[in-house]
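Here are my notes on this one, jotted down as numbered points. Have the viewer open while you go through them.

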Amino acid sequence: MSAESTEHALSDEVIDDQDESVNDAAASTKGSAASRLEEEGDVAADYLEELLDIADIDGDIDIEVRNGRTYISIVAEEKSNSLDGLVGEDGEVLEALQELTRLAVLSATENRSRLVLDINGYRHERAGHLQKIAEDAAASVKETGKAVALEPMSAYERKIVHDAVADLGLVSESEGEGAGRHIVVSAD
């Protein structure tokens, strides 16, 4: 083997080693993010389980990690209204519990959490309602040409509506601040 071909062979080995290192680092980062989300889910589940025990409420806790976010669901073991109090009127108690759970995760892991808490399928049901709101607003905008302002809603709910409006080919923007933050749907 000539000196030049030995040099090329060594150069190719170094490049292959670098590619493997990059792939290993990417896999490690992906793995650490997944393990961080799993840890987040475990901490949240422990916190919520303790809360349910204190309140003497029966419920099963399911943890799912998808799209870079932890989803926690609490569902009743049997047909029961015991969890309805944890949802509250318009999901207000649910939102508060979600924030408390995020704080528990932050305290335990020192990482901010974007976990989503659902109780008895409230968020799934609400998503269907929000889709209908977006469709009605879009129909009104298409019919009248005038922008439509929607009711104030949480950031999570606004995201669902923004996505639905975009899918319908219209534009939406969030306006206002704090509890009054709402979406305005328009043609442009």
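**Notes on the fold**

1. Let's start with the open sheet: three strands in the order E4-E6-E5, with antiparallel pairing. Strand E4 (148-149) and strand E5 (171-175) sit at the edges with a single partner strand each, so one side of each has no neighbour in the sheet. Keep in mind that this is a predicted model.

2. Now zoom in on E5 and its partner, strand E6 (residues 182-186). The two run antiparallel and are joined by five bridges. If you want a residue pair to click on, take Ser-172, whose bridge partner in E6 is Val-185.

3. What lies across E5 and E6? That's helix H4 (residues 155-167), which runs at about 160 degrees to E5.

4. Strand E1 (residues 60-66) and E2 run antiparallel, with seven bridges joining them. Val-65 has Thr-70 in E2 as its bridge partner. E1 and E2 form a hairpin with two residues between the strands, and there Asn-67 takes a positive phi near 55 degrees.

5. Why is strand E2 (residues 69-75) largely enclosed by the rest of the structure? Five of its seven residues are buried, and buried here means under 20% relative accessible area.

6. On the surface, have a look at the nonpolar patch formed by Leu-100, Leu-103 and Leu-106, which together have about 250 Å² of accessible area. Leu-103 belongs to helix H2 (residues 92-109). With the cut-off for exposed at over 50%, Leu-103 counts as exposed because its relative accessibility is 51%.

7. Finally, the whole-chain numbers. The protein chain has four helices and six strands, and from the N terminus on they run α-β-β-α-β-α-β-α-β-β. Of the 188 residues, 30% are buried. Among contacts with a separation of 6 or more, 55% are between residues 24 or more positions apart. The chain exposes about 12,000 Å², and carbon and sulfur atoms supply 48% of that.

Note on methods: Residues numbered from 1 in each chain as written. Predicted model: local features only at pLDDT ≥ 70, side-chain atom pairs only at ≥ 80, totals over all residues. Heavy atoms only, no water. Buried < 20%, exposed > 50% of the residue type's maximum accessible area, 1.4 Å probe, protein only. Contact = heavy atoms within 4.5 Å. Areas by Shrake-Rupley, 256 points an atom, 1.4 Å probe, with all protein chains shown as cover. Patch = residues over 30% accessible without salt bridge, like charges linked within 9 Å, V, L, I, M, F, W, Y side chains within 5 Å. Salt bridge = Lys/Arg side-chain N within 4 Å of Asp/Glu carboxyl O. Pairing = 2+ DSSP bridges. Axes fitted to C-alpha atoms, helices over the stretch in contact; angles between N-to-C directions.
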